Amino acid sequence: MSKQGQASNEPIIKPSKLYPGAGVGLIAPAGATFLREDLNIVLDAVKALGLVPYLAPHLMDRYGYLAGKDEDRAADVNQFFADPKINFLLPLQGGWGCSRMLPYLDYNLIKKNPKIIIGFSDITALILAIYAKTGLVTFHGPNGLTAWRSDQTQSFRDVLFLAKKVTYQNQAASEDSDRLMQVKNRIQTITPGKARGKLIGGNLTILSSLVGTPYFPDVEGAILFVEDVGEQIYRIDRLMTHLKLAGVFDKLAGFIFGQCTRCTPDGDYSSLTLEEVIWDHIQPLKIAAWYGATIGHIEPVLTFPIGINVEIDATTGTIQMLEPAVV
């Protein structure tokens with residue numbers, strides 16, 4: 001079975017690709033960074049990528065658990081989109097707070113100055129809102145304080161430096177190299193088939209919280225991927241039920257469930273399994289779908305473009321980019 005997604009009415013805008021010496025604006029749109037050493041670690045990573053770091057004015061601010069006041073964090077994002085020296089905006093980390101600053105972003109300014117912006121976890125709110133309000137292709141990928149080992153760095157370079165049309169698929173884990181069978185990074189097909197559509201997704205908790213706001217993207221004919229961390233299974237059920245009741249699932253051409261790290265049953269005797277929850281919500285849709293993609297709060301954090309056309313195969317667990325994400 002194959003399903004073709006419908007193209008969005010909003011024309012997409014692709015940012016320019018990265019090159020050695022490009023400027024990176026380091027931002028803190030969510031949780032506060034308490035240690036100067038953490039900033040220095042990110043600076044080392046950026047320089048090792050061959051890029052030039054610039055620090056946002058409010059980068060090391062703190063307002064409780066937030067990296068400064070909402071208006072100030074948004075002002076840093078606006079300033080870097082307006083600054084011709086900056087080619088790429090990189091958050092230090094996630095946490096919580098991006099949703100609070102969405103009303104203060106200048107979306108007209110962002111649309112007129114398209115640049116790469118990337119992140120995952122709480123940064124889902126920022127990358128989805130910018131895509132929804134401007135049509136700018138954004139990226140679900142590393143924050144500054146992720147590991148930046150070779151596989152993560154190669155994915156980042158392939159998509160953002162080399163403008164490759166990447167095909168994503170779970171890779172065999174090193175601990176399985178001497179086993180008769182694969183144990184880690186397995187996928188399970190929920191509904192076999194292929195589908196095409198715009199790739200949209202991110203952290204399930206954050207994505208669900210945006211439904212019904214002006215910052216939730218058009219998902220008509222889209223391929224939706226979700227992941228989460230540290231949620232009890234009944235909460236995942238509640239989040240999935242919200243998407244179902246809001247009509248989000250009915251619009252999709254395909255669905256991918258990634259990793260749910262530390263998502264466990266509560267203390268009750270009668271918990272559903274995570275697999276049962278996902279199958280309950282997705283299998284009746286009869287769209288190409290699978291479970292277990294290596295997307296989430298795990299290493300490596302690969303770079304996935306938000307808003308470009310992809311083709312998925314739910315039997316092999318592949319996501320094939322049909323176009324470059326940068327120009």
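## Sheet and helix packing

The open sheet has six strands in the order S3-S2-S4-S5-S6-S13, with mixed pairing. Strands S3 (52-55) and S13 (304-306) stand at the edges with a single partner strand each, so one side of each has no neighbour in the sheet. From one strand to the next, the twist averages 30 degrees. Strands pair if DSSP finds at least two bridges between them. Strands (E, at least two residues) and helices (H or I, at least four) are DSSP runs, numbered from the N terminus.

This is a predicted model: local features need pLDDT of at least 70, side-chain atom pairs count only at pLDDT 80 or more, and totals for chains, interfaces and linings use all residues. Residues are numbered from 1 along each chain as its sequence is written, and side-chain values use heavy atoms, leaving out hydrogens and water.

S2 (residues 23-27) and S3 run parallel, joined by four bridges. Gly-23 stands opposite Val-52 in S3.

Contact means heavy atoms within 4.5 Å. Angles run from 0 to 180 degrees between N-to-C directions; axes are lines fitted to C-alpha atoms, for helices over the stretch in contact.

| Helix | Strands | Angle |
|---|---|---|
| H5 (residues 124-134) | S2, S5 (116-119), S6 (138-140), S13 | about 150 degrees to S6 |
| H6 (residues 150-160) | S4 (88-91), S5, S6 | about 155 degrees with S5 |

H8 (residues 233-245) and H9 (residues 274-282) pack at about 10 degrees, axes 9 Å apart. They are therefore roughly parallel (angles under 35 degrees). The contact includes Ile-233 and Met-240 of H8 and Leu-274 and His-281 of H9.

Definitions and conventions. Angles under 35 degrees count as roughly parallel, over 145 as roughly antiparallel, 65 to 115 as roughly perpendicular and the rest as oblique.
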